[in-house]
Amino acid sequence: MNSFPGPGRLLTAASFVLGSALAAAAQTPDASTAPVRGQVLDGSTNSPVPGAVVRWLSAPTTAATTDDQGSFSLARPMGSDARLIINFLGYLPDTVQAPGSSYLRIPLRRSAELGEVTVEGRAPSYSGLTPTNTQVITSRDLTKSACCNLAESFETNASVEVSTTDAVSGAKQIQLLGLDGAYSLLTIDNQPALRGLASPYRLGYLAGPWIESIDIIKGMGSVVNGYESISGQVNVRLKEPDKAERLLFNAYGNDLGKFDINLNLATPISKKVSTALLLHTDHLGRRVDRNQDGFLDLPLATQYNLFNKWKYLSGKGLVMEVGVGALRETRQGGQLGYREENPGGFYGTTQETNRYTGYAKTSYTWPGRPYQSLGLMLSGTDHDFTSRYGVRTYDGTQRTGQATLLFQSIIGTTAHTYRAGLSFLHDDYREVYKTGFTYPTETPAQRYAREHRNRLEQVPGAFAEYTYQNSRNLTVVGGLRLDRHNLYGWYLTPRLNVKYDPAKNTVLRLAAGRGFRTANPIAENSGMLVSSREFVISPVLRPETAWNVGGSFTQYFNAFGRPGTFITDYYHTEFQNQVVTDPYTNPEQLIITNLDVTGGRSYSRSFQAEVQVEPVKGLHAKAAYKYLDVKTTYNGELLPKVLTPRHRLFLNLGYATAFDKWRADFTVQGFGKRPLAHAPGGEGHLHGSGESTLSFAPRYALLNTQLTRAFKRFEVYAGVENLTNYRQRNPIQGAYAPFGPDFDAAMIWGPIYGRMTYAGLRFTIN
């Protein structure tokens, strides 16, 4: 049984007390103040209309979006006007009366076939409705850059950074609140995905044209999605079979010789069944060495990826969805002369991945009770890979099964809702890591134990989440889950999110909670394999646990006669235990061990301020500043995390002409100095000297731009990334002798191949 520190007990107790107090207040309200509930239907087919926006005429900022069943619940504002406005693309807007507490069924009439549409406004990218600090990247935002895969989907936002792990393998990772992507929960359609051994290359496993939108949630999210989230959640919403374009074709190519081809097909099979087939392939077969260091700037790579979704809507409360996916990817990097079939003494890296996924979701909503539902979510993954880094080999398999049973209902009125359920996680990890060297003193059993890392995790759990929403300006979400880990015992995970609107266009949020996860030290540090550093891994690694506390302030305003948004947030993450990767103490080694229990500390402090305005019609501008203070105790000394810049600036300008015929986007990202580890072959950090003896990468800026021309059914686009052709000098230390003691391709802080131009075509049939 794990013990909890003082802050943990206080937060848990506060959650229980607050939840009990609010639940005790759940009495039958006066009809004039109770939230209004209802369902939006297609007037001709009587089928639900998900995604419709419901607003009060007297308080348009108070809005709700209908769910998959077309249902909504909307807090009633003060005042006597009880008229609702309902809007959805393809339907005529409607205004209805919402007196009393009766349940509303609102049929919408389809509009005539739409021609060209002028977009008069768009929803703010920062939601004013959710209790969590959520930024939404829409499918339109994704077209502002090349966006061939998930890694390139974050180029026009300031919250998430994408970095390259090394100068050879081409792997990328995200950072949220200054912490590596492993600490943020990545979900697909709100189901945990692409975790564990998939982390080194997972950002390349989702094609950009597959994505409908991305939700970036900072701080603690819902306990329903599990216990692994520490810094936040990135939820990717894939195209829905019943809403996606009938056909979407995207072709992309760049001057490095890479091309991407995507084909999305969606069609209704009947009135109740629809399906979508998502296809993707990319290929880079050209050997590029622009900096002339003898190494490929990008690895040769080929990927085949498909995903098939089926959806069933009974029209009587039952919804079923099934999806299957398959991926195969090969990569080859290293020196120009390296060939996998005949290395010939050259240094090279190879990766081969085969991945299969499947899921099934079933939900039932009680007739006449749209607030009450029961859902079952099942998913399974088989992830298998082999890889080589010079003389080292790293192979692994991960077989994962997840199940969640979820019940949702209300306590008296829709002002008090709750969700409760059971979950089970099965993770079977099999890893083989060979250094290419043998030690004459070790026995075969000792060698097997050194080279094989097998772990079986089985985690049953239970969770409950209570939501209070008054009729005016307060939402409180308190959650608690209890999990029994077969290797590490019981873990309690409390979460609390509070949203308060002190004024009409002002939103305050508070988030606090705890998360834990088991680390995969080799997969999560695969970039360090492209160096001469020896991995020294503690034989007993404890789970990582951390508290995250923070909040945000959002102000919606009018500037230049048009809506604008200002948001600032601060989050503090404090680790109770962390699997610390120490690149400072010994440059010949990468020491991976637990956080020192006697005075060791690891934390992340993140501050961000952002403003979004439309100074003239059609021109959207957003600018942001981010400050990160991320430090960990290494060998008794508190030092900044390697390769994490303390300051970051961001600017994005997007202009669209009438009817979106022309679109232009321009993005500037400025990065401050970031600490570097000492290169192998030299002396390590002089402990006790602080940051003064550390090496720092210089400040620099990246400029990207894109121009798009839209026609009736297709778009053509062209762009330039890294407009100024900025490059990191000597990204590979010791490139002349990659098998020598001073080889290091892991200290990557800037672009490697310089300027890159691209062009593409999108063809759509709705």
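Which residues does Ser606 touch, not counting residues up to four places away in sequence? Here are a few notes on this predicted model.

1. Ser606 touches Leu177, Asp569, Tyr570, Tyr571, Tyr627 and Leu628, where contact means heavy atoms within 4.5 Å. Ser606 lies in strand β34, residues 602-616 (strands are DSSP runs of E, at least two residues, numbered from the N terminus). With a relative accessible area of 2%, Ser606 is buried (under 20%, 1.4 Å probe, protein chains only).

2. An open sheet of 3 strands runs in the order β29-β33-β32, with mixed pairing (two strands pair if DSSP finds at least two bridges between them). β29 (534-537) and β32 (579-582) are the edge strands; each has a single partner, so one side of each lacks a neighbour in the sheet. On average, neighbouring strands here are turned by 15 degrees against each other, direction ignored (axes are lines fitted to C-alpha atoms).

3. β32 and β33 (residues 589-594) run antiparallel and are joined by 4 bridges. Asp582 stands opposite Ile591 in β33.

4. The largest nonpolar core has 77 residues, and Leu150, Phe154, Leu206, Ile214, Leu238, Tyr394 and Ile732 touch the most other members (a core is a set of buried Ala, Val, Leu, Ile, Met, Phe, Trp, Tyr and Cys residues joined through side-chain atoms within 4.5 Å). Beyond its neighbours within four places in sequence, Leu150 contacts Leu186, Leu203, Leu206, Ile211, Ile214 and Val236. A second, separate core of 18 residues includes Val40, Trp56, Ala64 and Leu108.

5. Local features need pLDDT of at least 70 and side-chain atom pairs count only at pLDDT 80 or more, while totals for chains, interfaces and linings use all residues. Residues are numbered from 1 along each chain as its sequence is written, and side-chain values use heavy atoms, leaving out hydrogens and water.

Terms used: Buried means under 20% relative accessible area, exposed over 50%, partly exposed in between (1.4 Å probe, protein chains only). Axes are lines fitted to C-alpha atoms, for helices over the stretch in contact, and angles run from 0 to 180 degrees between N-to-C directions.
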